[in-house]
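Welcome, and please open the model in your viewer. We will take it stop by stop, selecting a few residues at a time.

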Amino acid sequence: MENMKYTMSYIAKNFRVALMLSLMMLLCSCSSEDKLELHKGATLPIMQGIADNVPYIQSVEKELTYDLYDGVRITDVIFTYCAKPTRMIIAEVDLNKNVTIVTSTPDNKPEVGKILQQVTVQAEKAEAAGRKVILGTNGDFYSKKNDLWIPGGLFYKDGVAIKTEIGWEADHVFYMLKDGTAHITSVPEFKLVEREVVHAIGGWQRMVQDGEVVKNFTVNDNAMQFHPRTFVGVSADNRKVYLFVVDGRQPEYSNGMRLEDMMLLCQGAGCYQAFNMDGGGSTTMVRRVEKGSSVSFEVMNQPSDNPARSVINGLQVIEKTN
C-alpha cells in the first residue's frame with residue numbers, strides 16, 4: 001500500500017512538472033501573430049506603447065509613419081476606441097535636429113486679439129516673414145471680451161510677453177527656452193525662468209506630470225465627453241516634443257476622445273509632461289507642401305469645422321535659423 005501511495009505521488013508530481021514545462025514551451029513559442037495581439041494590432045513602437053496603456057483602445061486598424069522632415073516624424077493611425085472609430089496624428093519633433101518650436105499668430109504679428117486666422121494662413125504668414133515652416137497646429141483656448149479675442153493662458157512670441165495674465169484653469173504652460181529645450185510646467189515654475197523664455201503658450205489642463213498621469217482634474221462635459229483634441233507633450237530630457245491631434249464629432253470616421261484616456265495615451269507615447277490645448281472645431285494640423293518653387297500648407301487631419309476654424313494662436317515646427 002505504501003509503495004502504491006509513493007507511486008501515485010511520484011506520478012502526480014511528474015505530471016505537474018510536465019504540465020508546467022508544456023505551458024512554458026507554449027508561451028515561449030507564441031507566433032508573431034500571437035505577439036501582435038499583445039499590442040492590439042499595433043506594429044509601430046509608439047502605438048504599441050499607447051495601445052498597451054489605454055484600456056479602452058480595442059484594436060489598431062491602420063498605421064502610417066513617415067519623415068516629414070529631418071527630425072519630424074509623423075504617425076497617422078486609425079484605431080477602435082470605446083467601440084468607436086478614431087483617427088489620430090502624432091508629430092514627434094526631435095529638437096536635437098535642425099528644427100525647433102515657435103508660437104504663431106495671425107499675420108505673424110507680435111500681438112493677439114484683433115483677428116482670428118486659420119492655421120494654414122498663420123503658417124503662410126510666418127513663411128512670408130522668412131521662416132521655413134514645416135508643420136503647424138492650433139493653440140490655446142480663447143474667448144471674446146470688449147471686441148477683443150483673448151487667449152486663456154500665457155503667451156510669448158519671439159521673446160515678447162504678449163499676454164501675462166492667466167485665465168480659468170490655464171495654470172500650466174508649454175514653452176521654449178533660449179537653450180532650445182522644451183518644457184511644460186506650472187506658471188510659478190515658468191516664472192522662475194521667464195527671462196530665458198523665447199516662446200510660450202498656455203493650455204487648459206495638465207495631463208502628465210513627471211511621467212505620471214494627473215489624478216485630480218476638473219470633471220465636466222468637456223473632459224468626459226468625446227471631442228476632437230489637440231494636445232502637446234515633452235520628453236524627460238526636454239529634447240523631444242509630441243504634437244497630437246485627434247479628430248472627432250464625425251461618427252462614421254472619428255469620434256474623438258475623453259480627457260482621462262488622453263492622459264494614458266500621452267504616458268504610453270513616452271511623454272514625461274503633457275497638457276491639453278484647444279480642441280473641438282479648432283483642432284487642426286497642417287504640413288508644408290513644396291511643388292517646384294512654390295510652397296503651400298495642407299491640412300493633415302479632418303477638422304469637424306469645414307472649412308477649418310480660424311484660431312487665436314498656434315504652435316509651429318520650423319527650421320532653425322543661425
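A residue is called buried when its relative accessible area is under 20%, exposed when that area is over 50%, and partly exposed in between. Keep in mind throughout that this is a predicted model.

**The whole chain**

Begin with everything selected and a cartoon view. By the definition above, 49% of the 322 residues in the protein are buried. How much of the contacts with a separation of 6 or more comes from residues 24 or more positions apart? The share is 65% in this protein.

Most residues other than glycine have a negative phi, and most peptide bonds are trans. The next selections depart from that pattern.

Select Asn146 and zoom in. Phi of Asn146 is near 50°, a positive value in a residue that is not glycine. You will find Asn146 in the loop between β6 (142-145) and β7 (148-151). Is Asn146 buried or exposed? Its relative accessibility is 68%, over the 50% cut-off, so Asn146 counts as exposed.

Now move along to Asp158. Asp158 also has a positive phi, about 55°, although it is not a glycine. Its place is the loop between β8 (155-157) and β9 (160-163). With a relative accessible area of 39%, Asp158 is partly exposed.

For the peptide bond, select Asn306 and Pro307 together. The bond that joins them is cis, with omega at about 10°. Pro307 belongs to the loop between β19 (294-299) and β20 (314-319).

**Stop two: charged pairs**

Side chains of opposite charge can pair when their charged atoms come close. The protein has 14 salt bridges in total, and we will visit some of them.

Select Glu111 and Lys114. These two form a salt bridge, and their closest N and O atoms are 3.9 Å apart. Glu111 is partly exposed at 30% relative accessibility, while Lys114 is exposed, with a relative accessible area of 60%.

Next, pick Asp261 and Arg258. Their salt bridge has its closest N and O atoms 3.0 Å apart. Where does this pair sit, buried or exposed? Asp261 is buried, with a relative accessible area of 3%, and Arg258, at 17% relative accessibility, counts as buried too.

Then go to Arg287 and Glu298, a salt bridge whose closest N and O atoms are 2.6 Å apart. Color the two strands here: Arg287 lies in strand β18 (residues 285-291) and Glu298 in strand β19, so this pair ties together parts that are 11 residues apart in sequence. Arg287 is partly exposed, with a relative accessible area of 23%. Glu298 is partly exposed as well, with a relative accessible area of 33%.

Note on methods: Residues are numbered from 1 along each chain as its sequence is written. This is a predicted model: local features need pLDDT of at least 70, side-chain atom pairs count only at pLDDT 80 or more; totals for chains, interfaces and linings use all residues. Side-chain values use heavy atoms; hydrogens and water are left out. Buried means under 20% relative accessible area, exposed over 50%, partly exposed in between (1.4 Å probe, protein chains only). Contact means heavy atoms within 4.5 Å. Helices (H or I, at least four residues) and strands (E, at least two) are DSSP runs, numbered from the N terminus. A salt bridge is a side-chain nitrogen of Lys or Arg within 4 Å of a carboxyl oxygen of Asp or Glu.
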